[in-house]
Amino acid sequence: MEPCSTCMGFDNSFAFVVESLAKSSNMSQVHQLTPLLLDFPVEILLDILGRLDVRDLVRARRVCNHVRQAIDLSSELLYSIDLEYFNAIPVPSTPGSDHSVPELRKSLLQSETAWQKAEYSQRDPIVLPHPPNMHQWSCGVLGFPAENLQQMLFFQPQLADGHSNAMVLRQWNCEFDSAVAHHQFSVAEDLMILVVRARSMESHAYDVIFRSLSEDKAHPAAAFTSVKALDSEADLELLNPSTLRSSIFGDYYGVMFRNVNKANGGVADFLQIWNWKSKDVFQCLEVFDPARKTMNFSFLTNDKILVVNTSELLLYSLVHSSNSLQLTAKFALPALHSPFEYTCIGFSPVPSDARAHNRMVALSMDVSGESLAKNPCFTSYIERNTLLELESTYVVRYGTANEDSPNLPWSSWGPNHTRSFEESSFDPCKHSVFGFRCASLVGERNTQRPLCIRDFNPHRVVDFKAGNGTRWNQRLVEGGEILPSSGLFLEPLGSGLPYLETTTEEKFLSTDLTMEANRVTLLSFEIMSSIRMPHVGEQSFVEHELRQGFEVLDFE
């Protein structure tokens with residue numbers, strides 16, 4: 001609804017009055033100003049209310065019945081409140097289509113109820129025609145290299161129609177002239193990034209190529225079709241492409257090269273970042289001492305990057321003026337007893353479409369030691385916004401961060417701001433994250449396991465504790481000291497984040513999973529046995545075939 005031009009200035013000033021009423025604790029002031037609201041037509045009042053942020057809009061419902069009724073009769077205002085409450089990413093509305101605001105709100109509420117009840121529509125399984133290897137997920141699309149690493153295959157299960165559970169498999173491929181050393185793709189950006197070895201006689205180690213995911217061509221928004229990586233920094237005869245890590249976040253792409261033999265001798269870890277849409281070719285190169293055993297990195301925002309080594313998390317800011325990274329905070333990991341050590345640490349990816357939304361970050365830490373029969377894995381969840389807020393805590397306590405400054409002890413941030421879980425290592429069916437919600441198969445690998453859904457949404461936790469709404473089959477988990485019985489750690493793990501947990505009755509046999517706003521896609525497998533008798537009179541034998549495919553659960 002477009003307001004008339006004569007009302008624009010007045011509406012802005014009156015919106016300030018409504019905002020002040022919403023925030024006011026002075027009841028006499030509220031009673032004096034509230035009658036003014038009753039003199040306005042609903043259309044103008046809704047336009048005024050639409051200028052408030054969501055938190056003030058919720059407070060405005062408490063001003064008087066007239067304002068509350070006006071808000072409750074507006075699908076647009078209620079939808080904005082629901083999006084904030086559920087921390088959901090809005091779907092663009094289209095007039096005259098199923099994406100109208102009332103339908104979008106209805107769909108959101110139905111999906112949230114389905115997640116809370118662990119109720120889903122199970123689609124017909126689809127057989128995967130090629131066994132995946134070195135695969136990655138993005139928005140429900142599975143991608144992996146094939147044909148001697150000179151081809152990328154992509155598969156996406158989709159509903160055949162809106163009236164059945166039948167699925168079809170959309171599939172496509174991209175071919176290249178050179179073998180791919182590393183790959184990454186983003187459905188949201190329609191972007192596929194390939195890291196390939198540079199041709200002989202070149203001074204750089206790799207070419208980073210930006211291509212369209214949906215079409216066989218260079219990405220139209222890329223400033224350059226390719227950029228150079230490790231130009232003059234590496235000994236080109238001693239490259240090890242298996243130690244690459246990479247991440248896409250909106251306009252930025254970063255790749256970490258670990259254990260690189262430098263051209264001038266010695267070994268180092270390199271993190272190189274590009275703005276792939278910028279013609280200024282913004283890039284920065286950070287060098288890490290391999291003695292610190294840098295493991296991985298992740299974008300948190302457009303200008304904040306988290307790097308992890310075997311003892312701490314390092315928070316960096318992108319400094320565009322100098323094309324560099326600036327260390328801003330350091331957070332200690334939970335200390336281990338000797339001789340145990342962290343052998344692999346990774347992050348759940350933060351998708352670029354979550355740039356404006358808070359979400360959970362999962363930090364998975366594999367531990368090894370001579371006395372361990374098998375290496376355990378410990379995963380700690382923390383809100384992304386909490387990590388960003390802890391940067392201020394660090395600066396207040398220690399000032400400007402540098403390589404020699406102390407880190408914030410785990411005891412000062414970990415136990416109260418994280419929630420930790422212990423499980424087996426190397427299980428891709430753990431800790432798929434979307435917003436505040438996380439999904440895992442619980443139990444031993446290669447067995448039938450139920451799906452566990454954990455919801456860290458603080459609004460829902462507060463309402464659940466207050467007894468608001470229906471509880472369905474959820475349970476609240478909060479408090480308690482988490483100190484693994486194995487005696488690996490010198491201090492308790494995180495138990496400060498409460499969450500709601502729901503577990504499915506059905507069990508699944510799967511090797512991997514990914515989660516979207518209202519869907520879980522499982523990479524399932526089945527071992528098919530058949531009796532073979534090659535020739536008459538010869539002894540028969542049993543032949544086993546591993547058949548993999550997609551199993552789709554829609555929560556809607």
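The legends below describe close-up views of a predicted model.

**Figure 1. Overview of the protein chain.**
The predicted chain contains 10 helices and 30 strands. Of its 556 residues, 49% count as buried. Among contacts with a separation of 6 or more, residues 24 or more positions apart account for 57%.

**Figure 2. The second largest pocket and its lining.**
This pocket has a volume of about 360 Å³. Its lining consists of 17 residues, and the closest to the pocket centre are Asp-177, Ser-178, Val-196, Asp-207 and Ile-209. Strand E8 (191-197) and strand E9 (204-212) each supply at least two residues of the lining. E9 provides the largest share, 5 residues. Sorted by class, the lining of the second largest pocket holds 7 charged, 6 nonpolar and 4 polar residues.

**Figure 3. Arg-211 in strand E9.**
Arg-211 belongs to strand E9, the strand that gives the largest share of the lining of the second largest pocket. With a relative accessible area of 13%, Arg-211 is buried, because buried means under 20%. Leaving aside residues up to four places away in sequence, Arg-211 touches Glu-175, Phe-176, Asp-190, Leu-191, Met-192, Leu-194, Asp-216, Lys-217, Ala-218 and His-219.

**Figure 4. Packing of helix H3 against helix H5.**
Helix H3 covers residues 42-49 and helix H5 covers residues 65-72; their axes are 10 Å apart and form an angle of about 80°. H3 and H5 are therefore roughly perpendicular to each other, since angles of 65 to 115 degrees count as such. On the H3 side the contact is made by Leu-45, Leu-46 and Leu-49, and on the H5 side by His-66, Val-67, Ala-70 and Ile-71. The contact of H3 with H5 has 6 nonpolar residues, 1 polar residue and no charged residues.

**Figure 5. Crossing of helix H6 and helix H10.**
Helix H6 (residues 75-86) and helix H10 (residues 458-465) have axes that come within 7 Å and cross at roughly 90°. H6 and H10 are therefore roughly perpendicular to each other. Glu-84, Tyr-85 and Phe-86 of H6 meet His-459, Arg-460 and Asp-463 of H10. By class, the contact of H6 with H10 comprises 3 charged, 2 nonpolar and 1 polar residues.

**Figure 6. Phe-436 in a loop between two strands.**
Phe-436 sits in the loop that links strand E23 (432-434) and strand E24 (437-441). The relative accessible area of Phe-436 is 8%, and Phe-436 is buried.

**Figure 7. Asn-296 in strand E15.**
Strand E15 spans residues 296-299 and includes Asn-296. Asn-296 counts as buried at 13% relative accessibility. Residues up to four places away in sequence set aside, Asn-296 touches Arg-245, Met-256, Leu-306, Val-307, Val-308, Ile-345, Gly-346 and Phe-347.

**Figure 8. The cis peptide bond between Ser-338 and Pro-339.**
Ser-338 and Pro-339 are joined by a cis peptide bond, with omega of about 10°. Pro-339 lies in the loop between strand E18 (324-332) and strand E19 (341-347).

Leu-230 is not a glycine, yet its phi is positive, at about 50°. Leu-230 lies in strand E10 (residues 226-231). The relative accessible area of Leu-230 is 0%, and Leu-230 is buried. Asn-259, also not a glycine, has a positive phi of about 55°. Strand E12 (residues 252-261) contains Asn-259. Asn-259 is partly exposed, with a relative accessible area of 40%, because the partly exposed class lies between under 20% for buried and over 50% for exposed.

Definitions and conventions. Residues numbered from 1 in each chain as written. Predicted model: local features only at pLDDT ≥ 70, side-chain atom pairs only at ≥ 80, totals over all residues. Heavy atoms only, no water. 1 Å grid on protein atoms, 1.4 Å probe; cavity = no way out; pocket = protein on both sides within 12 Å on 5 of 7 lines; lining within 4 Å. Points joined across faces, edges and corners; volume = space filled by probe spheres on them. Helix = DSSP H or I, 4+ residues; strand = E, 2+ residues; numbered from the N terminus. Nonpolar A, V, L, I, M, F, W, Y, C, P; charged D, E, K, R; others polar. Axes fitted to C-alpha atoms, helices over the stretch in contact; angles between N-to-C directions. Parallel < 35°, antiparallel > 145°, perpendicular 65-115°, else oblique. Contact = heavy atoms within 4.5 Å. Buried < 20%, exposed > 50% of the residue type's maximum accessible area, 1.4 Å probe, protein only.
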